[in-house]
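I opened the model to look up its aromatic pairs and its nonpolar cores. My entries follow.

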Amino acid sequence: MSGSNNPALSFASALAGYVLRGGFSYPGGHLPPIGHRVSEAFAGVGVAASSDPATDDFIIAHLHNAGIRHVRLDFTYGDDEGPAGRLLEALYAASFKVVLHLIQPFERARRMESVDAREEWQRFVVATLDRHGNRATMVEVGSTVNRRRWAGYSLPGFLSMWEIAWREVRARKLVLAGPSVTDFEPPWSVGLLALLRRQGQLPDVHTDNLFSERCTEPERYDHKIFGHRLAPLARVNLIKKARMLQRIGTDFGTPRLFSPAAFWTLPRIERMLPDSEEKQADYLARYMVLCAASGALEGAWWGPLICHREGLIDDGVPQYPKLERITHYAAVTGALTDFRIRPALHALKAFAELIPGSCYEGRLNASQMLEMHAFRSEGKLVHAIWTINGRAAALIDLYSTEDLQSAEYRSRDGVVLGEMPSLASEAPLYLYWPPGRKVRVKAGASVLKNVAIHRHAADKTHYFFRENGWQGVVLAADAAEASLLLQAIHPERIGAPPAESILRHARNAIWTMADPREEGARLVVKQPVKMHLHKKLLDRFKPSKGLRSWNGTCELLRRGVAAAPPVAWFEKVGSNSNLTQNYYICEYVPVKFTARELVAAFAGGADTFAGIGEEAAYRQLCAYLLTMHGRGILFRDLSGGNILIDKVDEDHLTFSLIDTGRIHVFRGPLSLRQRFADLVRICNKLHGDGRRKFLTIYLLALRKQLRWWHCWPFFIYDAKVTAKRHVGRKAWKRLFSGARK
């Protein structure tokens, strides 16, 4: 092996020098440049073969349908005579552009410093390139080399592998790509490119699997680098990562950058959000647009086309191979009859049809939480717009009425929309006009302030409402249903609560009304009617009560926590608004019980509640609350009356929440302190033994045991409630009511 006798020292020296020269400093790098052309080959995907030859035809047919002509195939020892070799020939026969990714088996990679391993690798490379090399668009070498537990390489072993492959690829005048660092780890890119330059063995194309999964959302600043607090200062977003990697490659003599694989795994999404396949499609579209906007990448391809955990097509096999598919996408498993197309494949098709080959005209807005990007081609002017998760922007706040009426609209999945949408959301929306059209975005274009939505509510669409000083959102199946609802719940026609329908009339008036969509169904309306002086002062700095209830419910539902389904929210805006001119409307949920009755039954000595034993009931309630807390929801009013209970069969209870206006939302699972702060209310009415059982079950799910100090928050809350009853506002009310009698 040529080069330094101590590659680790050379690696560290090159890295230190680059840091001292300020190589990682990139002010303004988070902003996309303007005027670059997006490569025709920008969209691609990784493919693998199955033992069933019919899968080859399935793969090719779905690639054709998606408009994807560029693929990457992992190729290793023995593949030429197996299914991978068969698929490769089929791809060439169908005129696909193939990146041939040569990799070693893990155990061979571990032994690459030995003579026999090097000779075996050379024989494989020579045979493969002689047979397939001149038909490949490029030959990629190396695989997740910064993950030794996946790839197997020591640094000297990688350099030995690379030298052999580099020599054989160069001898055949082919395009060489590598070293395939995975994720954004620029020290590895710097160190490896420095070593390869020193050896005179640089690739033609610098490859990095530019994941954004750890940021959750593609446009977020990466909190794993400097933490959540400093992330907005460092501004290391996806665009900055791509531009920085491209500059590193340029500094070391390899300016071409290509990301051959990235993806979002469904289990990681499901840690916080249940609509994992919809979110995977959202993230794919957002990731692809941002990578195209960066101007740094020749291509940003998805990882596996077919697999259960992260594929665009589900193979129906939950079992994951021992070796990560990002290192070696070895094979497609599962039966062809079990394959199922996911929304992400449609999202990739829509992007591939609209964006590659166009010229990027820039980001159109400056505000955070909303992304608007323009691409112009010979055929059309395309704007791709979306918000971060859970937010929304009114299109009438972004564009003129004339531009909106003259635009055509496609959904994230490429569906041409028959009606003009009113909101942009976390699922990207494509607006397009004739190529010569001049479209201006309104100054200050941004998301709706403090408004949350559950974008992926099944079979529902959000309709923005703004009229006569009122604004809000109506959730309906279609425009006709939204219009029908507005005939009954329009804020100027909803009227005062009728006495026969009032459920509560204190600080808030809560009443029911007929649901115009279904005979016999009811809606629940909530309006604040009485506010104490201090609330009048403090609440002027908060969203309205109606909006808080809407937001709380939406945040619960988009995290998979059942709550009474929302229908609409309205509030009066402007100088004449006041704190009581707002409404929240949800569906009436007919249930058998509340958690107040469950707790009272067991506190009163009952062995069962609704035919279910005490521990079983606690376990089911805990499961519901654990999901809520694990997905970052602090309810803050978790009293028994706010937890509705229904019984689906003789052994199972279901739960849903109402009165959601006090919710606080966090990025990740709640701390134990926050969880206890929520649980004190529901536990207040439990008897001592029942409380111990309930908390033991809850804590065991977190792999913790109940300790004496865990009980302190509950004792303190009990004391607070007792004091409030005897000397607080309720005690004074009882005293004066008794005096009047």
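**Aromatic pairs and cores**

I started at Phe 715, which is partly exposed, with a relative accessible area of 48%. My scale: buried is under 20% relative accessible area, exposed is over 50%, and partly exposed is in between, with a 1.4 Å probe and protein chains only. This is a predicted model, where local features need pLDDT of at least 70, side-chain atom pairs count only at pLDDT 80 or more, and totals for chains, interfaces and linings use all residues. Residues are numbered from 1 along each chain as its sequence is written, and side-chain values use heavy atoms, with hydrogens and water left out.

I pair rings of Phe, Tyr and Trp (its six-membered ring) if their centres lie within 6.5 Å; planes under 30 degrees apart are stacked, over 60 edge-to-face, the rest tilted. That gave me 25 aromatic pairs. I looked up Phe 211 and Phe 263: the ring centres are 4.9 Å apart and the planes at 90 degrees, so this pair is edge-to-face. Both Phe 211 and Phe 263 are buried. Next came Trp 712 and Phe 715, with centres 6.3 Å apart and planes at 85 degrees, so I logged this pair as edge-to-face. Trp 712 is partly exposed, at 47% relative accessibility.

Then I turned to the cores. A nonpolar core is a set of buried Ala, Val, Leu, Ile, Met, Phe, Trp, Tyr and Cys residues joined through side-chain atoms within 4.5 Å. The largest has 122 residues, and Val 47, Leu 63, Trp 121 and Leu 305 have the most contacts inside it. Another core lies apart from it, with 40 residues, including Met 628 and Phe 676.
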